[in-house]
Amino acid sequence: MTASSAILNDIEKAVLSQDPDSVDAIFQEAAVADLDADLLLGALTKGLDEARKQLGDMTTSVGDFLLSVDAVRCGLSHLKERMVPNDGKQKRAVLGVAPGEVHNLGIYIISGVMEALGYDVICLEQDTDTDVFINELKRMDASILGVSSMMTTTLAGMQDIIVRCNRELPDVKILVGGACMDEKMATSMGADGFAESAVDLPGSLDKLDSQGTYKRRYMDYDKKVQVTEY
Amino acid sequence: MPDATTNYEKESGMKIKKILKSVKEKKVPQIRCFPEGMVGAAAAASSFRGKFSKLTPIERLLTTFKHKEPDRVPVVPLANAVARRITGISFPEYSTNPEKTAEALCASVNFVGGDLVVMMIDLSVEAADFGQEVIYPLNSTAHPNYLNPFIKDVDDYLKIKPIDLSTTTRMKGIVRMCEIMSDPKTCPVPVSGFVYGPLEILMMMRGAKDFYKDCRNYPDHVKKACAAITETLLAYVKAQSDTGIHAITIDTLLASWNALPKKVWSDLEGDFTGEITRCVKDNGCLVGIHNCGDGVYFDAQIKAMAPDFISFAQLPDDCSTPREMKEKYGDQITLVGYVHTPTIVNGTPQQVMDEAREQIDILARDGGFVLAPGCEYPPNLSLENAFALVKAAELYS
């Protein structure tokens, strides 16, 4: 094994073993400076992918996965200065919790996973107004909006965001998630996709990508379904 | 130091006194005040009688908890905060005015139906009394102000001390509710008190993200705070059970896959929840667990707490189908659940009834099953799907 592949291997292992301190230490080693930023990002992503698999088969818990996400974030903070600024090719996303929602752990994890997947992400972790979501989407020229709602009392706020976004920014794809929701409900609220957890997030993002653009989208309240006209 | 025989005599004497007190107050005595054999015989008699006539809610529950089939599956719609809409009180009143809350919960039983009231009010009852700032919104349930957590730094765990129950506001309010609702003239069905486990209380005072990390990085700090909180919780569950209610439900959300690893939960909270459970049982009540997490650790919790029932929203981490869950745990505990929240929020009454029927078909055989939503009935929803749940229990048992 070469020195560079040993470093990449160590990074991957540190992410998988939920150890942000080790990632920090590795990135401070002089040898890392010689490695290509994309390779380092690849190692972080690979480690997180493996951790995500373990989360999926329940051999690790969300509490542990959170530390893997922190390890990735730690590596990304070191890489930030070395990465090429967003030249328009990197997809941008605005994520946040629905207005009134206090549970922000899920969205924090989702934003970490999306960053590791190469997205440029703004995460509005605290109770955020609909206007802030819309303004951030416009400011960032984002193509994805992600909103989570854990409590049923915040679903009305989530619906407001979806309606405003569909009306004002019809090209933005909306992904929703949360314990009180499922795919059917997400569709009926006018979202484009549903992410049950970090485990199936890449699949949900792929689904969003494969959807085409449309002319008009509206709710048929009699049938309780969203209608999309292409 | 008193020997085991003296302790046994003392405990028996206390239970007899509790039975006499209940009879004097025209209440049904608490189930654990009676010898196990007598309870089993009563359940068998109820099961037999249930074949020919309608049982009372307490008979129905007792029968199913003892794994015998009652006249029909008991149902608990958990229509709690939504009940404020029946009596016309606000969310803040619901959280802070015990008399009005008790009135709303009784109205829920009288209007919607159900066989048990579980007094889950909001997430912040105990945390508020331990000093956490709480927000009481007009359109949602009370919650901690996470921008101002009581535990700002890991050293703050060590500052948490046991508190005197008589100096509390919200916990005393819950005890007051238990007093009001344990009177059968006020509430026609049995009542379960409610208490959050020490870890969840701490999470309310710290915020989930930092708390999960603290559990891994500073377990001794967390454990010391758990010990201090548990001391207060023991007095709290005793005060609830002294009102004559029939069960106490303990919320152990952190014992699930979407929270802490199983071993971490067992190390941090297992012993404390075991201690709380023993106190509840010693004081005559049945013990329930409520855990609306995903991949609930049934095995670890049964080992630590030996509960009578578990109310859950998702399958346990070691079962992939409801049938497997029934086979694995059906003879150890009573399963309480688990109509999915999305079905209740977004489904028609017929869809709710269809899902309930499916669960009754799989889980109700030989007793040990109570139909319920996986978590509290959504507080801002119309009540039609709560009626659908009650109807399903009546139609499909």
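In the predicted model, A:Gly96 has A:Val147 of E3(A) as its bridge partner. This contact belongs to the pairing of strand E1 (residues 92–97) of chain A with E3(A), which is parallel and spans five bridges.

Both strands are part of an open sheet of five strands in chain A, ordered E2-E1-E3-E4-E5. The pairing in this sheet is parallel. Strand E2 (120–124) and E5 of chain A stand at the edges. Each has a single partner strand, so one side of each lacks a neighbour in the sheet.

Strand E3 (residues 144–148) of chain A also pairs with E4(A), in the parallel sense and over five bridges. Here A:Ser148 lies opposite A:Gly177 of E4(A). The chain passes from E3(A) to E4(A) through helix H7 (residues 155–168) of chain A, and this β-α-β crossover is right-handed.

Strand E4 (residues 173–177) of chain A is mostly covered, with five of its five residues buried. In a regular strand, side chains alternate between the two faces of the sheet. In E4(A), A:Lys173, A:Leu175 and A:Gly177 point one way, while A:Ile174 and A:Val176 point the other way. All of these residues are buried.

E4(A) is also joined to strand E5 (residues 193–194) of chain A by two bridges, and the two strands run parallel. In this pair, A:Val176 stands opposite A:Phe194 of E5(A). Helix H8 (residues 183–188) of chain A forms a right-handed β-α-β unit with E4(A) and E5(A).

Definitions and conventions: Residues numbered from 1 in each chain as written. Chains lettered and ligands numbered in written order. Predicted model: local features only at pLDDT ≥ 70, side-chain atom pairs only at ≥ 80, totals over all residues. Buried ≥ 20, exposed ≤ 12 C-beta atoms within 10 Å, placed from the backbone. Helix = DSSP H or I, 4+ residues; strand = E, 2+ residues; numbered from the N terminus. Pairing = 2+ DSSP bridges. Right-handed = clockwise from strand over helix to strand, strands pointing away.
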